[in-house]
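Open the model in your viewer and keep the selection tool ready. We will go stop by stop, and each stop says what to select and what is there.

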Amino acid sequence: MSTTIKLLPEHLANKIAAGEVVGRPASVVKELVENAIDAQAKSITVIIKDGGKTHIHVIDDGIGMSKEDAQLAFERHATSKIATYEDLENIRTLGFRGEALASIAAVAQVEMRTRQSSADVGVKVRIEGDGKTDLSSDSFSPGTSIHVRNLFYNTPGRRNFLKSNNTEFKHIFDVIQRIALSHPSMEIKFISDDETILHIHPSSLVDRVKDIFGEKLSQTVFNFEQESEFVKISGLLGKPDFARKSHVEQYLYLNSRYIINRSINHAVFQAYENLLEKGSFPFFVLFLTIDPHKVDVNVHPSKMEVKFEDESSIYRFVLSSIRRALSEHDLVPTVGMRNVSSVDDKIGLQFRSVQTSVQRVTNWRDLIKSDQTTLDVASVYPRSTAHVDEEIANKPNKTSQDEHMLVSRPEPAIVDKERFAAVSPKVWQVHNKYIILPIEEGLMVVDQHAAHERVIYERTIKRFNETNTQSQQLLFPLTHEMPAGDAALVKQLQPLLESIGFSLKFFGKTTIIVDGVPVDVKPGQEGTILQNIIDVYKEDEHNLKLEPREKLAKSFSCKAAIKAGDPLNQTEIQSLLDQLFGTEIPYVCPHGRPVIVKLSLGELDRRFGRTS
Ligand code: ADP
Ligand code: MG
């Protein structure tokens, strides 16, 4: 009886396995460069031709290999990086599977030169796809050089799958970029078709970002670092006003290995939520460092996917540490001028974030010059709150509306005008829309609606988590007739609505009785606020990236906030600013628009043609 099952010859098995490791020229570059990093190289040169299809040459100045190792390196499962299962659980190198060189050699013509610094001469190894090796001594500087020619020369099926030289080049460039960002202390040279594409020297991470993405982007990022017991996160975050329309410029690394992980990306995005315009994505370079025992990097030969032991706690850690980092930074946009020489150039709202990290301001009064502390309340705003409140309090037939006026006013009812004037700095409301305040550096303009929105948004988010709900009970409950779909949505959101202060009862499918509203609801708004919230909520309804509570907080703050056009008195302005600077992120509204714009003295001086 003859057998039909045969063991494959090794070189054929390698050829098949190569399919998993070596998909395209970029994967060869990735494996070779990672080997160089594992070999403690300080400088790596990558030379390619024709998108890597005909030539890939990687040269490093790492530890090199002995003659014996040089031969063994091309055997399948030959690795110096792990020896036992325990090692596999505790991987600190980029490679460990011992299959890259064997796979590459199975589908290309490979020539390697390598020398350890202690050795007098180096070795040269040549391997053809059929597994034949040819070994000789050679003079060579310490390190390793691997030259891969004619990739897939013996597997035409795969070769035909390769894309244009340009596309393959782009994939290789991406690989080099990812490595360059995670190893800023490495010198990297990349040459394609005899042209030097990149030559970057050891530097800080920010400078590396500058080398790769340019000065402009590098000015919009800030460093951050946070650590918990079992995980550390560090890297660079892009400021929200420089977010891009695509998510390609997002780099995530786990223990120095570039990874793709939707869950962590989502956590980052979530942290930026409400700081970003719709459809834009923040730039980031993030490094997670975790005990290798707690992650499995051996999910796929490309090692780009990883499994965390406890993914949800990593998610929460990333989310909260990035939120904190963002709120600790001065994200205030400044007004810049596009072209200083052209006089008729309108002041373009060109947002340029403050370059250095600034201590977060929690009291706006600190921003103001100390000599500007007097104010005649009456001249700026003749109708003071005190005046109105007194009037209401003394009204003979008070209505429930009037009661509201007293309850919901944020500041104390009676204001001592003289005392107030003595301690309050000058601030102005212009066009019932913006608040202007002089600050040390120049001038600050606050959008009153956006500011109030931010205040109410954060307050609402907090209320969701509190047990004692604050509500304004209405003396006369209001009956709403709503379209059935809207009423159903209200029903669905009822627990959240009640936790922020609504008190609701349902009759049938379309009737809702409101007998209490949140304290933030202004007098006169009680009858419309619910429908308004629902209308705005529906616009966001299919935004799956947002939680219902966030969507609700957004729609509620939008509708409950004061509007452009609402006149404010001094007390109200001051109270609004106090509350604004008490928020986590005062500079951006929940929809991602700026709340504050700064105009610096320098800018004004330039505008007026002053030289000093
Ligand atoms: P792995 O990286 O998973 O160990 P490879 O097939 O990529 O497997 O490499 C096999 C072995 O060859 C490595 O473990 C290492 O010992 C050696 N090696 C490969 N490239 C280099 C290099 N550039 N410098 C020094 N040693 C290398
Ligand atoms: Mg390797």
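## Stop 1

Select His183: its relative accessible area is 15%, so His183 is buried. Buried means under 20% relative accessible area, exposed over 50%, and partly exposed in between, with a 1.4 Å probe and protein chains only. This is a predicted model: local features need pLDDT of at least 70, side-chain atom pairs count only at pLDDT 80 or more, and totals for chains, interfaces and linings use all residues. Residues are numbered from 1 along each chain as its sequence is written, chains are lettered from A and ligands numbered from 1 in the order in which they are written, and side-chain values use heavy atoms, with hydrogens and water left out.

Where does His183 sit? Look in the loop between helix H7 (165–182) and strand E7 (187–192). Helices (H or I, at least four residues) and strands (E, at least two) are DSSP runs, numbered from the N terminus.

Now show the neighbours. Leaving aside residues up to four places away in sequence, His183 touches Ile37, Arg208 and Ser256. A contact means heavy atoms within 4.5 Å. Draw a distance from His183 to Ser256: C-alpha to C-alpha, they are 8.1 Å apart in space, and 73 residues apart in sequence.

Step along to E7. With strand E8 (residues 195–200), E7 pairs in the antiparallel sense over 5 bridges. Two strands pair if DSSP finds at least two bridges between them. Select Phe190; opposite stands Leu198 in E8. E7 and E8 form a hairpin with 2 residues between them. Click Asp193 in the turn: its phi is positive, about 45°.

## Stop 2: a five-strand sheet

Select the open sheet of 5 strands. Its order is E9-E10-E13-E11-E12, and the pairing is mixed. Which strands are at the edges? Strand E9 (221–227) and strand E12 (257–258) each pair on one side only.

Strand E11 (residues 250–254) pairs with E12 in the antiparallel sense over 2 bridges. Pick Tyr253 there and find Tyr258 opposite, in E12.

H7 lies across E11, E12 and strand E13 (284–290), running at about 60° to E11. H11 packs on the sheet too, touching E9, strand E10 (231–238) and E13. The direction of H11 makes about 135° with that of E9. Axes are lines fitted to C-alpha atoms, for helices over the stretch in contact, and angles run from 0 to 180 degrees between N-to-C directions.

## Stop 3: two helix pairs

Two packed helices are described by the angle between their axes and the distance between the axes.

Select helix H10 (residues 262–272) and helix H11 (residues 311–328). Their axes come within 8 Å and cross at roughly 30°. H10 and H11 are therefore roughly parallel to each other. Angles under 35 degrees count as roughly parallel, over 145 as roughly antiparallel, 65 to 115 as roughly perpendicular and the rest as oblique. The contact of H10 with H11 involves 11 nonpolar, 3 polar and 2 charged residues. Ala, Val, Leu, Ile, Met, Phe, Trp, Tyr, Cys and Pro count as nonpolar, Asp, Glu, Lys and Arg as charged, and the others, Gly among them, as polar.

Jump to helix H18 (residues 529–540) and helix H19 (residues 548–560). Their axes come within 8 Å and cross at roughly 130°. That makes H18 oblique to H19. Here the contact residues divide into 8 nonpolar, 2 polar and 4 charged. Ile533 and Tyr537 are among the H18 residues that meet H19, and Leu552 and Phe556 are among those in H19.

## Stop 4: a three-strand sheet

Select the open sheet of 3 strands, in the order E21-E23-E22, with antiparallel pairing. Strand E21 (471–481) and strand E22 (503–507) are its edges. The twist averages 15° from one strand to the next. 7 bridges join E21 to strand E23 (residues 511–518). Click Gln473; Gly516 in E23 stands opposite. Helix H17 (residues 484–499) lies across E22 and E23, at about 150° to E22.

## Last stop: Thr155, then zoom out

Is Thr155 buried or exposed? At 13% relative accessibility, Thr155 counts as buried. Thr155 lies in the loop between strand E6 (143–149) and helix H6 (156–159).

Zoom out. The protein has 21 helices and 24 strands. Of its 612 residues, 49% count as buried.
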